[in-house]
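Welcome to a short tour of a protein chain. Have a look at the sequence and the structure below, and then read on.

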Amino acid sequence: MSLSEQRAASLAAETVVVAAGRPPRDRDQPVNPPIVLSSTYFGSGPLADGDRGYGRYSNPTWDPFEEALGQLEGSELPGLLYASGLAAVSSALSLIPAGGVLVMPTHSYSGSLVMAAELAQKGFIELRTVDIADTEAVKEALSPRGPAARPAAMLWLESPTNPMLGIADIPALAEAAHAAGAIVVTDNTFSTPLVQQPLLLGSDIVLHSVTKYLAGHSDVVLGALVTSNPDIRSALLHHRIIHGGIAGPFEAWLALRGLRTLALRIERSQASAKVLAERLAAHPMIESLRFPGLPSDPGHERAKTQMKGFGSIICIQVAPVAGLSGADAADALVRALELWLPATSLGGVESLIERRRRHTAEPASVPENLVRLSVGIENVEDLWADLKQALDALDG
C-alpha cells in the first residue's frame, strides 16, 4: 500500500483513516482497493511465506482495512479481520492455556461474558469477574493471596464498559497483569482508536466489534484484533485459519469505506453526546446517568488521562412513575420516541436506544431501568426534542 508505516506515524489519526489502505499510486490505478472474489489462488509446490494459497488463509480485500486499523492503533503489524466481534473474542480467548485463569469485568459485553462463562462451565478456564473500575480489586483477582491461589493468565478489559460505562485504569492494570504473567486484552469498541489507543497504554491485544463505530453504518457484521507482538499475532492468525472465522470480502470493503468517515462521525457524535448528557442529567425523569464527559461522573478524571474525548454512549436510569416501575417507564420512554431508533447495536450514523435488560444474557447486576443511548450524527437539537417530548410525557 502507498502509505508507509513511517509516514503514517507522523500523520494525525483523522488523516490516517482517509489515507491508509490505498492502492499504489501508479498510473491508472484505482483510488479505492477492489473487491476480490476468489476462494483460491494460482500456485504450485510448497507454500512459502506471503503466499495466499487459499481463501480461508487470506484475501487481498482484507489487507487495506487490516493495514489501516493497525496503524490507527499504533501497531507496526496489520490487524486481523474476523467474521464478527464474537469470532474475534473467541480467537483472543483461545490464548488462555487449559485451566488458566481469566479476569473479566463484571459489566462488559454480554457476548464476551457468556462465552467466557461457558468455557468456565466446561472446565476449560477459571473465570473471575470483578469491578474493573476498582483497581485494587482487579489486582487482587490477578494475583490472589494464599498457597492454593493461582495468578491470572489473561486480563480482559473494557473501558468504558458496556453498558455501565465504568472506566478502568488501563496502564496500572496492564502493569499488574504483566507482573502476574497475564496477557492483557482491551475491547476498544466504545472508544475507537481515535479516542483511545490501548496498545500504547500497555495492552497486548486490542479488540473491536467492527460492526459498530469503525464500519459505522449498521450494514456489516465484522470483528478485529490488533497486536504489536508478532508471536501473539501468529497464534491469532492460526486460530482464524483453523476455526474459519474469516470476513467476507464485500463486508471488508464496506468496513473500509465506513472507516474513511470515522473521524467526522466521532467528532459529531461526541459533541452531541456531551450536550445531551448535560440536559438529560437535569431532567426529573432521570434517576441517574453515566457519561464520562461530565465532571460529576465517577470515571471522569481517569478518562481524561487516557482518552481523547469521552465517547458517544450515554446510560440513563429512568425513574418510576405512578403505575409504572422503572423498567416499565424505560420501555415506555423507548416506545414514545420518534427519531431515536429502538435497536440493540451502537456506533452507527443513526441514534439508537434500548433498555439493556430486555436481553436475558445481560448480567443481573445491570439495573432493570437502565437505558443505553448511542448518539449518532443527526442534529443535536432534533435528538433532544425527541427525548424531551418522551420524557415530559412520562413526567406528566
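Lys304 is partly exposed, with a relative accessible area of 45%; here buried means under 20%, exposed over 50% and partly exposed in between, with a 1.4 Å probe and protein chains only. Its side chain forms a salt bridge with Glu301, the closest N and O atoms being 3.4 Å apart. A salt bridge is a side-chain nitrogen of Lys or Arg within 4 Å of a carboxyl oxygen of Asp or Glu. Both Lys304 and Glu301 sit in helix α11 (residues 300–306), three residues apart, about one turn of the helix.

Before going further, please keep in mind that this is a predicted model, where local features need pLDDT of at least 70, side-chain atom pairs count only at pLDDT 80 or more, and totals for chains, interfaces and linings use all residues. Residues are numbered from 1 along each chain as its sequence is written, and side-chain values use heavy atoms, with hydrogens and water left out.

| Salt bridge | Closest N to O distance |
|---|---|
| Lys139 and Glu136 | 3.8 Å |
| Lys304 and Glu301 | 3.4 Å |

Lys139 and Glu136 are three residues apart in helix α6 (residues 135–142), about one turn of the helix. Of this pair, Lys139 is partly exposed at 31% relative accessible area, while Glu136 is exposed at 54%. Lys388 and Asp392 are four residues apart in helix α13 (residues 380–395), so about one helical turn separates them. Lys388 is partly exposed at 36%, and Asp392 is partly exposed at 30%.

How many salt bridges does the structure hold? There are 18. Elsewhere, Glu354, Arg356, Arg358, Glu362 and Arg372 are linked in a network of salt bridges.

Now for the whole chain. Its secondary structure comes to 13 helices and twelve strands, which are DSSP runs numbered from the N terminus (helices H or I, at least four residues; strands E, at least two). The radius of gyration is 22 Å, close to the 21 Å that the globule rule gives for 396 residues, so the chain is as compact as a globular protein of that length. This radius is taken over C-alpha atoms, and the rule is 2.2 Å times the number of residues to the power 0.38. Of the 396 residues, 54% count as buried. The C-alpha atoms fill a box of roughly 75 × 65 × 35 Å, taken along the principal axes.
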